[in-house]
Amino acid sequence: MKTAELRQKDVAGLEAEVKALQKAHFNLRMQKATQQLSNLATLRSTRRAIARAKTILAEKQAAK
C-alpha cells in the first residue's frame, strides 16, 4: 500500500492494517521455514510495509 493511501486512513484503520500486515508476514515466514516460499523478496516488502504503516500511525498518534 502506498504512503498516500495510508495517510488517508484513521488511527483504527492503520492499526488494523498493521495487524493484517504482521499476520501476512508471519505466514510468509512459515512458508519460508517449510520451503514453500519461492519469492523471498516478499518478506522484505512486507517488513517495510509494516514499518511504513507503524511510522504513519506514530505520527498520527503524536499529532493528537
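Is Arg48 buried, partly exposed or exposed? Arg48 comes out as partly exposed, at a relative accessible area of 46%. For that label, buried is under 20% relative accessible area, exposed is over 50% and partly exposed lies in between (1.4 Å probe, protein chains only).

## What you're looking at

This is a predicted model, where local features need pLDDT of at least 70, side-chain atom pairs count only at pLDDT 80 or more, and totals for chains, interfaces and linings use all residues. Residues are numbered from 1 along each chain as its sequence is written, and side-chain values use heavy atoms, with hydrogens and water left out.

## The overall build

Helices (H or I, at least four residues) and strands (E, at least two) are DSSP runs, numbered from the N terminus. The C-alpha atoms fill a box of roughly 45 × 15 × 15 Å along the principal axes.

Of the 64 residues in the chain, 27% are buried. Take the contacts (heavy atoms within 4.5 Å) with a separation of 6 or more: 63% of them join residues 24 or more positions apart.

## Charge and the arginine patch

There are 14 positive and 5 negative side chains, and the centres of the two sets lie 10 Å apart. Lys and Arg count as positive, Asp and Glu as negative, while His and the chain ends are not counted. Each charge is placed at NZ of Lys, CZ of Arg, CG of Asp or CD of Glu.

Back to Arg48, which sits in helix H3 (residues 41-62). Together with Arg44, Arg47 and Arg52, Arg48 forms a patch of positive charge on the surface. Such a patch takes residues with over 30% relative accessible area and no salt bridge, joining like charges within 9 Å; a salt bridge is a side-chain nitrogen of Lys or Arg within 4 Å of a carboxyl oxygen of Asp or Glu.

## Two loop residues

Lys9 is in the loop between helix H1 (3-7) and H2, and is partly exposed at 25% relative accessible area. Leaving aside neighbours within four places in sequence, Lys9 is in contact with Met1, Leu14, Glu17 and Lys60. Lys9 and Leu57 are 48 residues apart along the chain, yet their C-alpha atoms are separated by 9.3 Å.

Gln35 belongs to the loop between helix H2 (11-33) and H3, and is exposed, with a relative accessible area of 74%. Its phi is near 60°, a positive value in a residue other than glycine. Most residues other than glycine have a negative phi.

Definitions and conventions. Patch = residues over 30% accessible without salt bridge, like charges linked within 9 Å, V, L, I, M, F, W, Y side chains within 5 Å. Areas by Shrake-Rupley, 256 points an atom, 1.4 Å probe, with all protein chains shown as cover.
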